[in-house]
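Keep the structure in view as you read.

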Amino acid sequence: MLSLSIFSSSQRISVALYEKKNLKVYEKKKISCNKIDSIFLLIKKILGKKMKNIDKIFFSSGPGSFTAIRSIKAIAQGLSIVSRARIISVSDFEVYLNNLNKTKNNVIVFFPNFKNYFYQYFKFKKNRFEPCSNCFHGKEQELKGFIKEKKRLEKEKNLIITSNEIEYELIASIINSEEFIGCEPNAKKIAEAVFNGYGSDNLEISYHHTYYE
């Protein structure tokens with residue numbers, strides 16, 4: 001059976017098709033003005049007449065824009081009605097954490113959300129990363145203060161910071177280059193997180209109330 005993974009951000013969309021855990025097709029596209037309509041064309045392109053063969057559908061439940069995540073969730077639910085596929089979600093944090101599956105370091109995950117950032121602290125416990133702080137949504141200086149405080153508590157050891165590659169320059173002045181691991185979230189990364197045990201049947205979307213402030 002086949003698994004379909006779908007991804008959308010404010011800048012790009014991507015779709016990946018898997019047979020078991022083997023990637024069969026991957027398509028991506030840049031978008032403008034947050035319009036994700038073309039994701040339907042990508043899905044149609046890679047699925048063709050295979051819609052009814054889809055067994056699982058993967059998507060990210062956030063945190064992020066309520067409207068954007070709700071749109072992706074609605075697409076997943078619509079496809080599920082046609083194919084009767086099981087829907088599995090992962091959080092954006094889990095997508096980044098899965099990219100670190102070869103390290104047991106404690107981790108700060110952060111990623112941009114318009115002019116602000118989502119960020120959270122995780123510790124490696126019992127062979128997986130567990131959240132050890134709330135999920136915060138704040139400005140650049142608040143993020144930098146959070147990182148500095150965790151580095152102080154960890155005495156600058158055993159701590160990794162991860163985000164997408166272009167965010168490195170934001171925090172380069174307060175970390176060493178070896179402390180940063182970049183990751184580009186996309187449909188493939190979502191699927192890999194599910195395959196590595198981060199998936200959930202909980203389809204509740206996650207967003208932070210300060211997103212609207």
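The largest pocket has a volume of about 850 Å³. A pocket here is an open set of points on a 1 Å grid over the protein atoms alone, where a 1.4 Å probe fits, with protein on both sides within 12 Å along at least five of seven lines. Its volume is the space filled by probe spheres set on the points, which are joined across faces, edges and corners. This is a predicted model: local features need pLDDT of at least 70, side-chain atom pairs count only at pLDDT 80 or more, and totals for chains, interfaces and linings use all residues. Residues are numbered from 1 along each chain as its sequence is written, and side-chain values use heavy atoms, without hydrogens or water.

The lining of the largest pocket comprises 34 residues, where lining means having an atom within 4 Å of a point. Nearest the centre lie Phe7, Ser8, Ser9, Ser10 and Pro112. Strand S1 (2-8), helix H2 (66-83), H3 and S6 each supply at least two lining residues. H2 gives the largest share, 5 residues. Helices (H or I, at least four residues) and strands (E, at least two) are DSSP runs, numbered from the N terminus.

Now turn to the interior. Nonpolar side chains tend to be buried together in soluble globular proteins. A nonpolar core is a set of buried Ala, Val, Leu, Ile, Met, Phe, Trp, Tyr and Cys residues joined through side-chain atoms within 4.5 Å. Buried means under 20% relative accessible area, exposed over 50%, and partly exposed in between (1.4 Å probe, protein chains only). The largest core has 25 residues; Val90, Leu97, Val107, Val109 and Phe129 have the most contacts inside it. Strands S2 (12-19), S5 (86-90), S6 (106-113) and S7 (116-125) each give two or more residues to this core, as do helices H3 (92-98) and H6 (187-198). H6 provides the largest share, 6 residues. Another core, of 23 residues, lies apart from it and includes Leu4, Leu17, Ile54 and Leu203.

Val90 shows the packing in detail. Beyond four places in sequence, its contacts (heavy atoms within 4.5 Å) include Phe59, Val95, Ile190 and Tyr198.

Helix H4 (residues 140-153) comes next. At 1.5 Å a residue, its 14 residues should span 20 Å, and its end C-alpha atoms are 20 Å apart, which agrees. The expected span is 1.5 Å times one less than the number of residues. Which residues of H4 are buried? They are Leu143, Lys144, Phe146, Ile147, Lys150 and Lys151.

Finally, the backbone. Most residues other than glycine have a negative phi, and most peptide bonds are trans. The peptide bond from Gly62 to Pro63 is cis, with omega near 15 degrees. Pro63 sits in the loop between strand S4 (54-60) and H2. Lys20, in the loop between S2 and S3, has a positive phi of about 60 degrees. Lys20 is exposed, at 66% relative accessible area. Asn127, between S7 and strand S8 (128-131), has a positive phi near 70 degrees. Asn127 is exposed too, at 67%.
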